[in-house]
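Hi everyone, thanks for coming along. I'd like to walk you through a model I've been looking at, so please have the viewer open.

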Amino acid sequence: MAASTPVLEGTPQSRARSFAYGLKAGDELAYVLTLAAASAVILIVALLVYQLWISSRLPIHKFGFSFLTGRTWDPNAGDFGALPFVFGTCVTSALALIVAVPVGVGAAIFLAELAPPKTSNALTFLIELLAAVPSVIYGLLGIFILVPRIRQYLAPALRDVFGFLPLFQGPFYGVSFLSAGVVLVIMVVPFIISVSREVLMAVPVEQREAALALGATRWESTWDIVIPNASTGIIGSGFLALARALGETMAVTMVIGNTPQITASLFAPGYSIAAVIANEFTEATGDLYLSSLVFLGLVLFGLTILINAFARILILTTQRKGAQS
Amino acid sequence: MTRQVTFRRRFINAFMLSLTGVATLLVVSVLFFILGYLLWHGIGSLSWNFFTKLPKPTGETGGGLANAIVGSAKILALATLIGVPVGFLAGIYLAEYSGRTFAFVVRYITDLLNGVPSIVIGIFAYAIVVKPMKHFSTFAGGCALGIMMIPIAVRTTEQFLRSVPTALREGSMALGANKATAIFTVVIPAAKQGLTSGMMLNLARVAGETAPLLFTALGNMYWSAGWSQPSASLPVMIYQYAISPYEDYHQQAWAAGLVLLALVLSINVTARLIMSRGSSLARR
Amino acid sequence: MSHSLRAFICSIAATLAIGAFSASPVQAQVLINGAGATFPAPIYQKWFSDYRNVNSNVQINYQAIGSGGGIRQISEGTVDFGASDGPMTDEQLKEYQSKQGHSILHFPTVLGAAVPTYNVPGVASNLNFTPEVLAGIFLGKITKWNDQAIQKVNAGAKLPDTEIVVVHRSDGSGTTYCWTDYLSKLSPEWAKQVGRNTSVKWPTGLGAKGNDGVTGLVKQTAGAIGYVELIYAEKNHLPAGAVRNRAGQFVKANLASVSAAAAGAAQNMPDDFRVSITDAPGKEAYPISTFTWLLIPQHFADATKRDNIKRLLKWALTDGQSSVESLQYARLPKQVQAKELQAISKIN
């Protein structure tokens with residue numbers, strides 16, 4: 001970098017110039033580094049999709065689109081179809097989120113707004129620890145503790161109150177969509193609570209105080225001011241939770257019943273994509289079988305794209321509506 | 001009429017706030033139940049042997065899971081080194097530098113990566129690390145878990161950086177800092193609490209993952225030297241012990257679950273101690 | 001930020017450095033890795049641990065990732081030996097040959113059995129099953145416990161009017177292979193509709209993961225019937241039914257009856273040891289028994305590994321057999337053992 005005027009070494013001017021040069025380079029460096037990291041993420045995912053794609057060549061060639069609509073999964077006959085698994089993944093994830101988001105956000109509100117700081121910190125600490133419990137242990141607790149309780153208390157109660165809905169009809173063996181949904185709720189709630197609480201606490205105090213000064217009740221200030229302020233963060237936590245629910249393997253396979261079928265009843269046993277891959281991958285013999293499982297992984301990827309797009313559109317429209325009202 | 005409106009609003013206030021209390025109670029009771037169950041079943045098998053000895057076949061006493069504890073620590077350290085910087089820097093990019101479309105694309109893709117089942121990540125890591133290396137290794141396990149750490153790191157970094165008020169950024173720039181300096185010396189420290197808790201959540205989540213390790217680090221009954229040997233890890237040992245028919249293995253599985261939680265807890269506490277210089281913003 | 005970040009990076013770097021140096025005491029260790037079936041994992045762990053007393057330089061690391069996994073990993077060359085509950089098919093052998101350039105040998109090590117276990121309210125005693133009854137139940141044809149077919153072979157038992165809930169394996173498994181192999185042999189309808197494999201399309205029933213999953217589900221569900229490895233039924237105190245064998249006897253699975261099945265098959269043992277011993281001849285034979293195999297490459301590039309594996313095999317087939325029964329595995333019949341010891345010389 002040539003200087004237009006000669007600068008002597010060691011003078012304050014030269015030090016200032018090299019400092020400025022360092023800062024400027026630092027700015028570019030930071031930009032390049034962070035851009036590289038963001039691009040690396042895209043590259044990794046692209047590589048992942050590519051790897052899944054080339055490993056799925058066989059079933060793509062053999063089944064093509066009918067893989068997505070096929071209802072049979074017969075390793076012996078070499079006939080594979082993804083629909084029952086797609087159905088199970090959607091049902092269990094939807095059930096998990098429908099319950100986990102209200103409960104999680106509710107608990108986050110309590111911890112962020114109402115609980116004394118020390119208790120709030122301690123409890124959140126422990127709740128985050130829940131995320132570290134291996135899913136195997138969730139599965140074990142699920143099958144030995146949760147499923148019998150659901151069979152004894154929750155299922156009959158649901159049947160009594162909502163039994164007119166086809167959702168809650170039919171025989172109940174314990175392992176079912178319902179049980180898988182409940183286990184998933186417990187597994188994803190820590191994410192929602194942790195992240196939502198942090199964003200709620202990050203909303204400036206002034207906002208709350210302004211609302212209260214205008215005569216709002218505590219709840220109104222939370223619901224009408226703080227939450228909309230933190231909404232992107234809360235939604236983000238919802239996406240985190242959704243992602244975990246979609247991809248959860250071990251715990252789900254232990255309580256879902258592992259029966260590929262499409263049915264309206266939550267009491268029935270079912271199957272999910274992640275569960276079937278976990279169950280059959282290590283033992284799969286034969287190239288078509290193995291690559292069909294990989295193809296299922298690709299299908300899950302596509303499903304995640306669709307669900308994410310759907311959720312984002314939903315959010316955009318409700319936000320727009322909210323802005324208009 | 002004013003009094004009625006006030007009463008209705010006060011009722012809703014009390015009702016909704018107590019609902020949030022109920023939600024918290026639900027979560028906390030499940031939490032304490034799980035922790036209590038683990039403690040109850042696991043604490044009996046914790047012993048000096050557990051932390052220092054190698055696994056023994058069923059029926060023989062004196063075995064432990066020392067190699068699994070060390071293995072998990074190594075794999076998690078490597079995963080953090082791989083996943084956190086990439087995710088952290090990418091999150092900074094999304095929050096501070098990028099335009100709307102590119103940010104949208106990266107965010108979307110990150111969410112996709114987050115939704116990939118851990119077993120598929122394991123299969124991926126197997127294809128790109130284990131197969132070329134021709135053997136299972138700690139390194140492959142670290143890669144798999146590192147990839148899993150990226151999405152949450154990106155998401156939480158971006159989130160908590162965004163939640164720092166613009167006033168802070170502008171203030172520091174008004175004092176003469178350029179963008180990079182503003183970010184690294186003002187914005188990031190302001191979001192410290194959130195960033196740390198996000199990273200802890202991330203670490204906690206991958207610490208318990210079994211499926212990716214099955215195809216990468218495999219497992220080892222002995223000490224694993226260096227980084228290119230198969231390695232034992234706590235989640236895999238828990239899985240293998242839990243599904244066996246032997247009661248002594250079951251006890252060890254619960255104890256291992258407890259140790260895993262304790263490992264994550266200690267990392268959590270250490271990180272918070274390191275990061276807790278000063279307080280974050282917007283605290284009441 | 002600099003202080004805390006520096007401290008953080010230092011701690012990570014320290015862990016990594018420690019990791020690089022974490023090694024066992026300095027010795028000329030031979031490390032051998034194997035992977036495969038979960039069923040024999042406990043006895044293999046015991047063997048490899050006991051073998052260290054014989055030869056302390058050899059570290060054999062066996063990981064139970066499933067029979068299919070074992071076959072795949074040995075074909076890819078990522079492990080030194082494999083293990084499987086079901087013999088490799090001709091196709092798999094061809095694939096191995098093309099990938100590795102030489103062939104692979106099967107060595108049966110121990111025997112196991114799949115037993116029907118059930119939870120019938122009001123019935124504490126042992127039930128008898130015929131192949132037709134089992135096929136009928138698992139095909140979904142026989143739906144109630146007090147069905148005629150079941151009553152006929154269980155004259156003494158009071159069978160309730162409860163629905164039968166079939167429990168099968170959701171994950172691929174050698175136990176499933178054994179069970180479906182048996183049903184395929186004895187029920188033409190099963191053979192046509194379902195067939196034999198580590199994973200099949202079950203006509204009816206709930207899927208549970210692992211032997212432990214089936215055990216747990218059967219225990220909890222009134223009217224359930226499932227199939228598990230013998231040891232799971234024993235360790236969990238589940239009733240195990242007696243099955244009628246080829247000779248017309250109702251036999252319960254235990255070490256003696258399983259060994260009898262192997263002895264019956266030993267007479268027609270092929271040279272490559274790939275044989276199914278379900279529905280074996282013999283009065284005492286338990287009809288749903290199976291070998292489990294170690295898959296050893298026929299050629300090793302590394303002479304030290306080869307010699308150690310040969311020595312290990314020899315030990316496992318002789319001294320090792322004395323410890324199998326304590327873990328509820330049946331020993332190999334003498335003729336099979338002798339034949340295998342001869343076959344070890346094929347490894348070069």
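I'll start with chain C, then turn to the domains, and finish with chains A and B. One thing to keep in mind throughout: what you see on screen is a predicted model.

Let's begin with chain C as a whole. Its C-alpha atoms occupy a box of roughly 75 × 65 × 35 Å along the principal axes. In secondary structure, chain C has 13 helices and 11 strands. How many of its 348 residues count as buried? The share is 51%. And if you take the contacts in chain C between residues at least 6 apart in sequence, 72% of them join residues at least 24 apart.

Now zoom in on the sheet. In chain C, 8 strands make up an open sheet, and the order across it is 2-1-3-11-4-8-6-7. The pairing in this sheet is mixed. As a quick reminder, strands of a sheet pair through backbone hydrogen bonds, and the pairing can be parallel or antiparallel. Which strands sit at the edges? They are strand 2 (58–64) and strand 7 (206–208) of chain C, each of them pairing on one side only. For those of you who like geometry, neighbouring strands in this sheet are turned against each other by 25° on average, ignoring direction.

Let me follow part of that order, strand by strand. Strand 3 (residues 81–84) of chain C runs antiparallel to strand 11 (residues 289–297) of chain C, and 3 bridges join them. If you want a pair to click on, C:G82 has C:L295 in strand 11 of chain C as its bridge partner. On to the next pair: strand 11 of chain C and strand 4 of chain C are antiparallel too, with 9 bridges between them. Here C:L105 is bridged to C:I296 of strand 11. Strand 4 of chain C also pairs with strand 8 (residues 224–229) of chain C, in the antiparallel sense and over 6 bridges. In that pairing, C:A114 finds its bridge partner in C:E229 of strand 8.

So is strand 4 of chain C mostly covered or mostly open? It is mostly covered, with 15 of its 16 residues buried. Among the elements around it, helix 11 (residues 255–266) of chain C lies across strand 4 (104–119) and strand 11 of chain C, and runs at about 135° to strand 4. Helix 12 (residues 303–317) of chain C packs on the sheet as well, where it touches strand 1 (30–36), strand 2, strand 3, strand 4 and strand 11 of chain C. The direction of helix 12 makes about 60° with that of strand 1 of chain C.

Next, the domains. Chain C is split into domain 1 (31–112 + 291–346) and domain 2 (113–265). Their C-alpha centres are 29 Å apart. Domain 1 of chain C brings 18 residues to the contact, and domain 2 of chain C brings 15 residues. On the domain 1 side, the elements giving two or more residues are helix 3 (67–76) and strand 4 of chain C. By class, that side has 7 nonpolar, 8 polar and 3 charged residues.

Chain B has a domain assignment too: domain 1 (2–45) and domain 2 (51–281). The C-alpha centres of these two domains of chain B are separated by 30 Å. Their contact takes 7 residues from each of domain 1 and domain 2 of chain B. The domain 1 side there consists of 3 nonpolar and 4 polar residues, with no charged ones.

Last stop: chains A and B together. Here 77 residues of chain A are in contact with 80 residues of chain B. Which element gives the most to the chain A side? That is helix 1 (residues 12–55) of chain A, with 17 residues. By class, the chain A side has 58 nonpolar, 14 polar and 5 charged residues.

I'll close with one helix pair from these two chains. The axes of helix 10 (residues 231–247) of chain A and helix 6 (residues 138–162) of chain B come within 11 Å and cross at roughly 175°. Angles over 145 degrees count as roughly antiparallel, so that is what these two helices are to each other.

How values were computed. Residues are numbered from 1 along each chain as its sequence is written. Chains are lettered from A and ligands numbered from 1 in the order in which they are written. This is a predicted model: local features need pLDDT of at least 70, side-chain atom pairs count only at pLDDT 80 or more; totals for chains, interfaces and linings use all residues. Axes are lines fitted to C-alpha atoms, for helices over the stretch in contact, and angles run from 0 to 180 degrees between N-to-C directions. Helices (H or I, at least four residues) and strands (E, at least two) are DSSP runs, numbered from the N terminus. Angles under 35 degrees count as roughly parallel, over 145 as roughly antiparallel, 65 to 115 as roughly perpendicular and the rest as oblique. Two residues are in contact if their C-beta atoms, placed from the backbone, lie within 7 Å. Ala, Val, Leu, Ile, Met, Phe, Trp, Tyr, Cys and Pro count as nonpolar, Asp, Glu, Lys and Arg as charged, and the others, Gly among them, as polar. Domain bounds come from an automatic or database domain assignment. A residue is buried if 20 or more other C-beta atoms lie within 10 Å of its own, exposed if 12 or fewer, and partly exposed in between; C-beta atoms are placed from the backbone. Two strands pair if DSSP finds at least two bridges between them.
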